[in-house]
Amino acid sequence: METSINSLKEALKNAERVAVLTGAGVSAESGVPTFRGADGLWKNYQATELATPEAFAKDPELVWEFYNWRRGLIAQKACNPAHTALTALERLIPDFTLITQNVDGLHLLAGSRHVLEIHGNIWRARCTRCGKETMDRAPDMGRRPTCAACGGLLRPAVVWFGESLDPRILRQAIEAAQQCRIMLVVGTSSVVQPAASLAFTAKSGGAMLAEINLEKTPNSDLMDIVILGKAGEILPRLVEGWA
Ligand code: BV8
Ligand code: ZN
């Protein structure tokens with residue numbers, strides 16, 4: 001573990017361009033439940049059943065109950081050393097892109113600047129009628145929130161399963177993956193597509209790949225370095241004492 005951390009740290013010190021892909025594991029130490037961990041279940045529903053356009057069409061109030069529950073939970077959580085280390089890394093690397101699957105907004109709260117929220121942001125809502133998007137930090141948006149502009153039903157501005165990612169954001173993420181010299185993949189089970197494929201994109205662009213996760217994943221064999229452990233403990237080790 002020590003040698004891996006030290007060799008990754010040395011490589012980062014000499015890298016012009018770095019891309020980082022994060023998942024729910026980065027927010028786990030803030031107390032935000034991950035998707036597929038033991039706490040991934042909610043009211044005997046799998047998130048993957050509720051985070052779909054079909055579920056919202058069938059029962060928007062149930063889906064808003066799910067998102068209001070998560071908003072209420074996340075609203076009380078603070079960033080953790082994993083988020084903070086990534087803001088420090090951004091300042092140390094000339095060209096740095098943080099691609100996150102997380103919708104909790106904690107990277108922005110921590111001060112990361114170049115962030116691509118490829119699955120959207122739970123604090124943003126979009127009108128299903130006029131498309132207007134608003135930011136609202138109220139933990140509870142109510143059971144059927146409506147658009148101030150047109151009265152249409154609002155939905156969470158996140159990417160549901162079966163929905164395409166925003167093409168502009170996805171293109172930026174692909175470009176960052178293609179051009180980076182090092183890609184860190186942190187706290188993700190690497191099962192959700194197309195996010196997980198960004199590691200392949202970086203590899204084919206000649207990047208060095210490093211995975212930091214509690215457990216191995218389907219992408220582990222692709223990695224040059226795999227460090228098993230907590231993001232909140234390992235990431236700070238990568239940025240401390242850069243002379
Ligand atoms: C699309 C927003 C084109 C919503 C999310 C087969 C069947 C059915 C569908 C598919 C299929 N194959 C591919 C698909 C498509 C599907 C998909 O990938 N499904 C998966 C489940 C197989 N993908 C899509 O639908 C995507 N769109 O493909 O568009 C299209 C268009 C039309 C029709 C078809 C296709 C859209 C995907 C986006 C879905 N939205 N979130 C919301 O959050 O409410 S995804 C959701 O999962 C979150 O964003 C989350 O970030 C993401 C990935 O999960 P992880 O972040 O990896 O979290 P997880 O809990 O899984 O893992 C955490 C990891 O951290 C673990 O490994 C754990 O060990 C580790 N960990 C824990 N603690 C720590 C830690 N590591 C370090 N330190 C710690 N302390
Ligand atoms: Zn509207």
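Q: How many bridges join S4 to strand S5, and how do they run?
A: 3 bridges join S4 to S5 (residues 115–117), and the strands run parallel. Strands are DSSP runs of E with at least two residues, and helices are runs of H or I with at least four, numbered from the N terminus. Two strands pair if DSSP finds at least two bridges between them.

Q: What stands opposite Val115 in S5?
A: Leu98 does.

Q: Before going on, what sort of model is this?
A: This is a predicted model, where local features need pLDDT of at least 70 and side-chain atom pairs count only at pLDDT 80 or more, while totals for chains, interfaces and linings use all residues. Residues are numbered from 1 along each chain as its sequence is written, chains are lettered from A and ligands numbered from 1 in the order in which they are written, and side-chain values use heavy atoms, with hydrogens and water left out.

Q: Back to S4. Which way does S1 run beside it?
A: Parallel, with 6 bridges joining S1 (residues 17–22) to S4. Thr22 stands opposite Thr100 in S4.

Q: How many S4 residues are buried?
A: 5 of its 6. Buried means under 20% relative accessible area, exposed over 50%, partly exposed in between (1.4 Å probe, protein chains only).

Q: Where does Gln101 sit?
A: In the loop between strand S4 (95–100) and helix H7 (106–110). Gln101 counts as buried because its relative accessibility is 12%.

Q: What does Gln101 touch?
A: Leaving out residues up to four places away in sequence, Gln101 touches Leu21, Thr22, Gly23, Ile118, His119, Thr188, Val192 and Ala195. Contact means heavy atoms within 4.5 Å.

Q: New topic. How many residues are in the largest nonpolar core?
A: 29, and those with the most contacts inside it are Leu8, Leu12, Leu89, Leu184 and Leu235. Elements that each supply at least two residues of this core include helix H1 (2–13), S1, S4 and helix H10 (231–239). A nonpolar core is a set of buried Ala, Val, Leu, Ile, Met, Phe, Trp, Tyr and Cys residues joined through side-chain atoms within 4.5 Å.

Q: What is Leu89 in contact with?
A: Leu12, Phe96, Leu184, Val239 and Trp242, leaving aside neighbours within four places in sequence. A second, separate core has 23 residues, among them Leu62, Val63, Leu106 and Cys147.

Q: Now the zinc ion (ligand 2). Which are its protein donors?
A: Cys127 (SG), Cys130 (SG), Cys147 (SG) and Cys150 (SG), at 2.2 to 2.3 Å. Donors are N, O and S atoms within 2.8 Å of the metal (3.2 Å for Na, K and Ca); water is not among the atoms, so sites may look incomplete. Their spacing along the chain is C-x2-C-x16-C-x2-C.

Q: What is the geometry of that site?
A: Tetrahedral, with angles of 97 to 121° among the 4 donor atoms. Four donors count as tetrahedral if all angles lie between 85 and 135 degrees.

Q: Is Cys147 buried or exposed?
A: Buried, because its relative accessibility is 7%. Cys150 is partly exposed, at 26% relative accessible area.

Q: Last one, the rings. How many aromatic pairs are there?
A: 3. Phe66 and Tyr67 form an edge-to-face pair, 5.0 Å centre to centre with 70° between the planes. Rings of Phe, Tyr and Trp (its six-membered ring) pair if their centres lie within 6.5 Å; planes under 30 degrees apart count as stacked, over 60 as edge-to-face and the rest as tilted.

Q: Which residues do the ring pairs link into a cluster?
A: Phe56, Phe66, Tyr67 and Trp160.

Definitions and conventions
Four donors count as tetrahedral if all angles lie between 85 and 135 degrees; four count as square planar and six as octahedral if opposite donors are over 155 degrees apart and all others between 65 and 115; anything else is irregular.
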